[in-house]
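Student: I'd like a close look at strand pairing, with its surroundings for context. Please keep it brisk.

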Amino acid sequence: MILKFKFFNFFLIPIFLVNAQSNLIDTSFRSPIGIPLNLSGDFGELRSNHFHTGLDIKTNGKTNYKMYAIQDGFVSRINISHWGYGKAIYVDHPNGYTSVYAHLSRFPEKIEKVIREYQYQKQNESVTLLLDSSKIPVAKSEVIAYSGNTGSSSGPHLHFEIRETKSEKPVNPLLFNFEVPDHRSPLIRNIKFYPLDGTTINNKCQPSSFKAIKNNGVFILDQVSKITFSGPFGVGVDVVDYFDNSSNKCGVYSIKMYLDNQLKFSQKMDKLDFSTNRDINIHKDYIEYHNKRRHFHKSFIHYNNKLEIYDTTLGNGVVHINDSNEHEIKYVIKDFAGNKSVAKVKVILNQNNQICSAVTSKEWLKEDAENTIQKEGFKISLPSNALYDSVAFNFQWKNEKTLKIMNKNIPLREKFILSMKLGTQMDSLFDKAFIAEINSKNRVINRKGEYKEGWVSSQIKSFGNYQLMVDTKPPIIQQLYFSKEEAVSKKLTFKITDNLSGLQHYNVWIDDVWVLSNYSFRNNRLIVPFDKYCPINNGTHSCRVEAIDERNNISELKFEFTKK
Ligand SMILES: [Zn+2]
């Protein structure tokens with residue numbers, strides 16, 4: 001059977017056999033979807049705070065495509081959340097891998113029944129259900145879900161992952177022979193040089209980035225013939241890749257950096273690890289990414305970087321050259337299909353006496369020690385290893401209320417505790433106070449908080465602007481498309497909004513029985529559909545809706561309705 005399949009492939013699409021990497025893990029998986037695979041995101045591409053751990057498969061801007069089990073197995077987990085993966089299903093397969101489908105709209109009845117039973121048991125729409133092999137076995141090609149746009153998704157698509165079942169480490173799905181046409185080589189956009197240990201690049205103490213252009217098939221620096229350095233330096237490359245017929249910027253598969261044809265650095269996107277994935281913030285050029293959306297991969301490895309995507313037998317990638325000869329830095333960058341781009345840059349030592357002085361400061365946040373600092377109105381406590389590097393401590397009260405703490409361009413590995421003092425005039429409101437992050441668009445993001453002895457404290461994962469806020473107003477519940485005179489036949493619809501801390505819980509009871517309702521943070525609608533899962537008899541019923549915000553302010557709406 002397997003032989004036949006390969007034979008078949010050979011005649012239809014020989015190009016994939018030619019291009020396919022020799023390291024394929026298993027070729028028995030079918031596609032999770034019934035349309036050709038077009039990707040808007042691939043495995044290992046740079047994102048905020050993580051490498052992308054799967055494939056983003058386009059669904060023509062629509063939802064409700066059938067999702068197929070890629071192999072026999074059983075449903076091991078179903079997750080329903082307003083954030084992250086949204087509605088997601090996990091299927092364990094006998095070969096030791098788990099497939100994950102995220103941002104789904106719904107499930108077939110066999111699966112929907114199981115998840116609803118659990119939602120009713122928990123009286124909550126948002127649940128995580130773990131299942132053993134006996135509960136929902138599935139066969140290869142069985143429909144297990146329908147595609148959607150739920151959770152943190154900015155448009156309809158399928159986020160598809162393959163993980164090692166035991167370790168839960170996500171593996172590059174392209175290693176399982178899914179066919180994604182790709183004949184375009186990676187686009188090298190910029191190359192950046194980082195002076196290390198107080199040295200210079202082109203007589204400057206700061207890292208310098210140079211635009212790359214393609215010349216006779218090789219990327220070179222635009223208008224710059226060579227780079228000078230005065231000591232050890234690192235190199236980084238801003239590179240993206242495109243699949244055929246797509247304008248989506250994706251990530252590359254492998255990056256190799258050579259000094260005079262000797263391999264100095266190598267990274268490859270075969271497997272990631274959720275426990276170290278945040279170290280992307282020291283792998284990529286954090287500031288370039290967050291301020292300019294440039295995708296620099298640094299080709300020198302920080303000693304606090306625990307990612308396992310590098311060939312560490314090569315050392316840390318830092319370039320040391322002591323002679324005065326001209327040398328060549330070369331990049332060889334490939335996408336998964338094997339399309340290759342090469343960049344070459346000449347470098348030469350420039351012995352100058354310039355001294356790049358380090359930052360001076362009275363107060364430091366140390367990378368390898370616990371840091372506790374208390375100032376007027378606030379205190380912070382950073383665990384050891386919360387930072388990648390020691391940094392000078394600074395803060396500023398931007399007005400009476402808003403505290404700017406450090407600089408958002410400094411990445412954090414771990415959360416720190418921020419405590420803000422609650423003014424005595426607000427003491428009675430202690431359980432209504434929370435720490436709000438004020439983002440660059442001046443939007444308030446609730447970072448929660450616990451009150452203790454005059455202080456509100458919360459775990460914070462990025463530096464920036466913070467303010468103590470008080471929420472005493474309950475959410476507002478409005479009925480929509482319904483008046484008492486009008487009969488209801490298919491559903492009840494409500495609009496629920498909250499002014500500050502955000503909606504946390506919602507409940508609907510019909511005739512004093514809890515019923516499942518679906519809330520969307522996109523349009524603030526809460527819907528109770530009267531479908532086969534929630535049959536409501538014709539006639540008059542009582543309804544009670546409850547909405548609770550994150551600071552425990554509660555509102556309630558009671559009414560009667562007639563279903564016809
Ligand atoms: Zn995704």
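Tutor: Two strands pair if DSSP finds at least two bridges between them. Strands (E, at least two residues) are DSSP runs, numbered from the N terminus. The model is predicted: local features need pLDDT of at least 70, side-chain atom pairs count only at pLDDT 80 or more, and totals for chains, interfaces and linings use all residues. Residues are numbered from 1 along each chain as its sequence is written, and side-chain values use heavy atoms, with hydrogens and water left out.

Take the five-stranded open sheet. Its order is β23-β24-β28-β32-β31, and the pairing is antiparallel. The edges belong to β23 (371–375) and β31 (450–452); each has a single partner strand, so one side of each lacks a neighbour in the sheet. On average, neighbouring strands of this sheet are turned by 20° against each other, direction ignored (axes are lines fitted to C-alpha atoms; angles run from 0 to 180 degrees between N-to-C directions).

Three bridges connect β31 with β32 (residues 455–460), and the two run antiparallel. Y451 has V456 in β32 as its bridge partner.

Compare this with strands β12 to β14. Strand β12 covers residues 187–195 and β13 covers 208–215; four bridges link them, antiparallel. Here I191 is bridged to F210 of β13. Strand β13 also pairs with β14 (residues 218–221), again antiparallel, through four bridges. On that side, A212 has L221 in β14 as its bridge partner. A hairpin is formed by β13 and β14, with two residues between them. In its turn, N216 has a positive phi of about 55°.

H52 (NE2), D56 (OD) and H159 (ND1) are its protein donors, at 2.0 to 2.2 Å. Donors are N, O and S atoms within 2.8 Å of the metal (3.2 Å for Na, K and Ca); water is not among the atoms, so sites may look incomplete. The donor residues follow the sequence spacing H-x3-D-x102-H. H52 counts as buried because its relative accessibility is 2%. D56 is buried too, at 7% (buried is under 20% relative accessible area, exposed over 50%, partly exposed in between; 1.4 Å probe, protein chains only).
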